Amino acid sequence: MLAVVTWWLIIQVFALAALPLAWRLFAALPDRGYAFTKPLALLLVSYLLWFGASLGFIDNDVGGILLSLILVAGLSLWLGRDGLRPRDDGRRPLVEWFREHRGYILACELLFLVAFVAWAYFRSFNPELNSTEKPMELAFLIGILRSSHLPPLDPWLSGYAISYYYFGYVILAVMTRLSGVPASIGFNVGLAMWFALVALGAFGVTYNLIGGKRARRAVAFGLVGALLVVGIGNLQGIFEFAHAKGIGSPAFYQWLDINTLDESLPRSPTWYPVDNWWWWRASRVINDRDLTGRHVEVIDEFPFFSFLLGDMHPHVLALPFVLMAIGLGLNLLTAGAGEPARAPGVPTRAGEGDHTQRLAGSSQISGLVAKSRPWGGSLGDWQRFVANASGWLTDAWENLARSTGLGATGVVLYALFLGGLGFLNTWDFPIYLVLLSLAYTMRRKRENGRLDRHVAGSIVGGALILAVIGFVLYLPFYLGFTSQAGGVLPNLLFPTKLRQFSIMFGPFLIPIAALLALLSEGGRGREIVSRWGRWFIWIVVLPVVFVLLTMVVFALLPGQRAMIQSLLDNPAVQENIAGRSLLALLGLVLQVRITTPFVYLLLAAALAWAGVLVWRRIRGEHEEEAPSEPQGTYALLMAGVAMLLVFSVEFVYLKDSFGTRMNTVFKFYYQAWILLALASAYAIYRLTQRRHILARVATAGSALLVAIALIYPIMAIPTKANLFRGPATLDGTAYVKNYLPDDAAAIAWLQANVKGAPVVLEANGNSYTDAAHVSAQTGLPTLLGWGGHELQWRGNYDEPGKRERDIQTIYTTNDQAERERLLNRYQVEYIYVGRLERDRFRLNDAAVARLAQNYDLVFSQGEVQIFRRRTSVAPDFTSQKRLRYEPL
């Protein structure tokens, strides 16, 4: 556990460096951003390292990291200098705040330490990095550590950079390099630290939602927030337990329709299921079926499952920074909440300039665009358009800068943190940009007393500014990034079943309903119901119209008809639809939708309710009856965004190489879980403040659902840790010594003797196999690793497909000249021959002997040999860097 202590000390130094900045940046929050100091420092240090190493200013090494840390500490001290400067009474505000909040600070540090140590202990009993996507993630981590500059080399496609959102691995590499531990240990220690960072971030958001005036209660419910975000599972656990104990009929589980949860599973003699990987099913609760009735994979992970599984994937690596972004949104909304609304045209604070002219300009833009059409008008029209647009953006910039509390620096920092989400897990950037924009809308409405078109234009401009700067700050990444994403497609065939949706989001159903009810208190009941009815009709009708129009397009357009006809020609589909025509098939789609409407209707009703409440707050109607604290409004916004995410996948999904809504559900549900969990923690707190019988019933119901959701982690932790039996280690590749000792020795030789990043040829293979395990564990690039994943990352298979054939040729050809030509093309220096190579290419002793005749044998043990070419190949780094920025 020495590595854990080292990492804990390093992250404390990072947090201390960022503390003055956090204290200033999160000035509107009760905890002044203390819970976010660690991810704040990690992101800033890693950003400076990445940016400098990408442009060649600094090296990706310990020196570059320390320089970045010093710069962050200097920036933090400068921006937070007011907190360190003595006041007239000789006291320093930051130090005084520390003294007054030492109980909260102690709670934060204890939570972080306990979560860190506990999850490291758990990981020490299942540290193996040999399943799911762990080999890929380890390859990325070591590849970054091997790269002297950035973008980092792709260990599984030599000569190319990683074409993936890899910022989280840069951050993980920073901690690994500073600690001095091997990447195979750093991976597991990092996973434990990320678990602790997520728990602390959720704790901090919930604490700030409740408010510092109720410190002890806020701490208690902060723990509830951490539990709901990362400590519980969905409700699948109780069904796994019941099935393992023989409770429930086969018909019931058939109706439940959870994939593989059927009679073929063994009964358990213990208190937990004995089926291997039973805990995996909780991430596959949503079970889509095609027209033939066959299972279609859908992923519905949640944070606890992710940490249980142990994959350090971008959606996990982004979590601490997602929670920090949520904290930024709350800070933006609550700043100045105690100040009275100003009259239109009156400055919010002394010294604020008069923006009347620019506001007027912003309102003229739409009229000018509509009437003069500057793209086809005179030069004067263009000049007026540009002048008004400039005024609009200037006003938007100044208002946003004032709202951050740090002026232009605050705008850049907000954009840096939001834009970082795009580099961490691209899907998160637009989601949290929307959340912060809604928070900013509420903030501006409160300040101005109303939301007229001038203010609305300024808000839109502010969101645009954050989006553009957030993109530009990470431009080196986007220049070399290619993706499998290819637009938006309609989801016609796969409505979610209510029973499966309830299992997935069951812990939050009562709290969210209670939140909407609590925020409706004091309102005009009839007016709310009437407006809700209108909103509900629109939300129900618009998706139906969308589906009908899509069906018409499929029926009329030749290209879409051809696609449908290819589906009809499938024998399995023909069997299912009994030779029906295209119109009959469209009728079947409509039937599926009509017979499975309940999730759609439930979400439409909830969205309409949330929409009415948000609209009343925008118009200021709720203030006439029951003024609501901004924290309640923010919880409402989080719940609304979450429900919108969940609702959207009922009708659309993002086109990718999977061809289904699997990945879209995965990404949207994951963020919805976080937002619903935080909103639920706030709702449960509000419920405990009510003495009404309905509030007590809702509180008891929420507690019951949370207790049921705890069944999953209580059973899954000992199962995954093998009941905490056997030797404990945090080395994720220690298993190789036991199961593949020859490979372990060969990998150790490469790690000890090969410097830089020469190309090592080894066997490629399918995803989720042992293929390319040498490059994964050394970071040394090979020609091709998991081909299927390269397809996902790059959007096509042109280069990987060519390399597949060339690898086969190199290992199997009898033509030495041809082999040399290919080795030169890919600048291969080492040839690895092990068990996988012998099996995949059917290499016999004679084939290995031919290699020995032409190349130097530098390592041999058992069935593993490593050959080095006698003419050392000098990598063309200029060419590699050019290739890194080119899409395949």
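Which helices each supply at least two residues of the nonpolar patch? In this predicted model, the answer is α20 (453-472) and α21 (475-479). The patch lies on the surface and is formed by Leu393, Leu464, Val468, Phe471, Val472, Leu475 and Leu479, which together have about 580 Å² of accessible area. Helix α20 contributes the largest share, namely four residues. Phenylalanine 471 is found in α20.

The chain as a whole contains 40 helices and eight strands. Of its 888 residues, 58% are buried. The accessible surface amounts to about 34,800 Å², and carbon and sulfur atoms account for 62% of that area. Among contacts with a separation of 6 or more, 76% are made by residues 24 or more positions apart.

Asparagine 663 belongs to helix α29 (residues 662-688) and is buried, with a relative accessible area of 11%. In sequence, asparagine 663 and aspartate 300 are separated by 363 residues, yet their C-alpha atoms are 8.9 Å apart in space. When residues up to four places away in sequence are not counted, asparagine 663 touches Trp427, Asp656 and Phe658.

Helix α37 (residues 816-825) was examined for the arrangement of its buried residues, which are Arg819, Leu822 and Leu823. Viewed down the axis of α37, these buried residues fall within an arc of 100 degrees, so they line one face of the helix. The N-terminal end of α37 is capped by aspartate 815, which has a side-chain oxygen 3.1 Å from the backbone nitrogen of alanine 817. After α37 comes glutamine 827, with a positive phi near 55 degrees.

Further backbone features occur in loops. Leucine 150 and proline 151 are joined by a cis peptide bond, with omega about 10 degrees. Proline 151 lies in the loop between α7 (134-146) and α8 (167-179). Tryptophan 277 is not a glycine, but has a positive phi of about 65 degrees. This tryptophan 277 is placed in the loop between α12 (250-256) and β1 (288-289), and is partly exposed at a relative accessible area of 41%. Tyrosine 768, likewise a residue other than glycine, has a positive phi near 65 degrees. The loop that holds tyrosine 768 runs between β5 and α34 (773-778).

Side chains of opposite charge can pair when their charged atoms come close. In this chain, the count of salt bridges is 28. One of them is formed by the side chains of arginine 284 and glutamate 297, at 2.6 Å from N to O. Arginine 284 is in the loop between α12 and β1, whereas glutamate 297 is in the loop between β2 (295-296) and α13 (303-309); the pair therefore ties together parts that are 13 residues apart in sequence. Arginine 284 is buried, with a relative accessible area of 11%, while glutamate 297 is partly exposed at 30%.

A further salt bridge joins the side chains of glutamate 650 and arginine 661, with an N to O distance of 3.7 Å. Glutamate 650 lies in the loop between α28 (630-648) and β4 (652-654), and arginine 661 in the loop between β4 and α29, so this pair ties together parts that are eleven residues apart in sequence. Both glutamate 650 and arginine 661 are buried.

Within helix α35 (residues 787-794), glutamate 790 and arginine 794 are four residues apart, about one turn of the helix. The two form a salt bridge in which the closest N and O atoms are 2.8 Å apart. Glutamate 790 counts as buried because its relative accessibility is 0%, under the 20% limit. Arginine 794 also counts as buried, at 6% relative accessibility. Salt bridges that share partners join Arg402, Arg443, Arg444 and Glu447 into one network. The side chain of arginine 794 also has a polar atom 2.7 Å from the backbone oxygen of alanine 161.

Terms used:
Residues are numbered from 1 along each chain as its sequence is written. This is a predicted model: local features need pLDDT of at least 70, side-chain atom pairs count only at pLDDT 80 or more; totals for chains, interfaces and linings use all residues. Side-chain values use heavy atoms; hydrogens and water are left out. Buried means under 20% relative accessible area, exposed over 50%, partly exposed in between (1.4 Å probe, protein chains only). Contact means heavy atoms within 4.5 Å. Accessible areas come from the Shrake-Rupley method with a 1.4 Å probe; for residues, only the protein chains shown count as cover. Patches are made of residues with over 30% relative accessible area and no salt bridge: like charges are joined within 9 Å, nonpolar side chains (Val, Leu, Ile, Met, Phe, Trp, Tyr) within 5 Å. A salt bridge is a side-chain nitrogen of Lys or Arg within 4 Å of a carboxyl oxygen of Asp or Glu. The arc is that of the directions from the helix axis to the C-beta atoms. A polar contact is a pair of N or O atoms within 3.5 Å; within protein, one must be able to donate a hydrogen and the other to accept it, and residues adjacent in sequence count only if both atoms are side-chain atoms.
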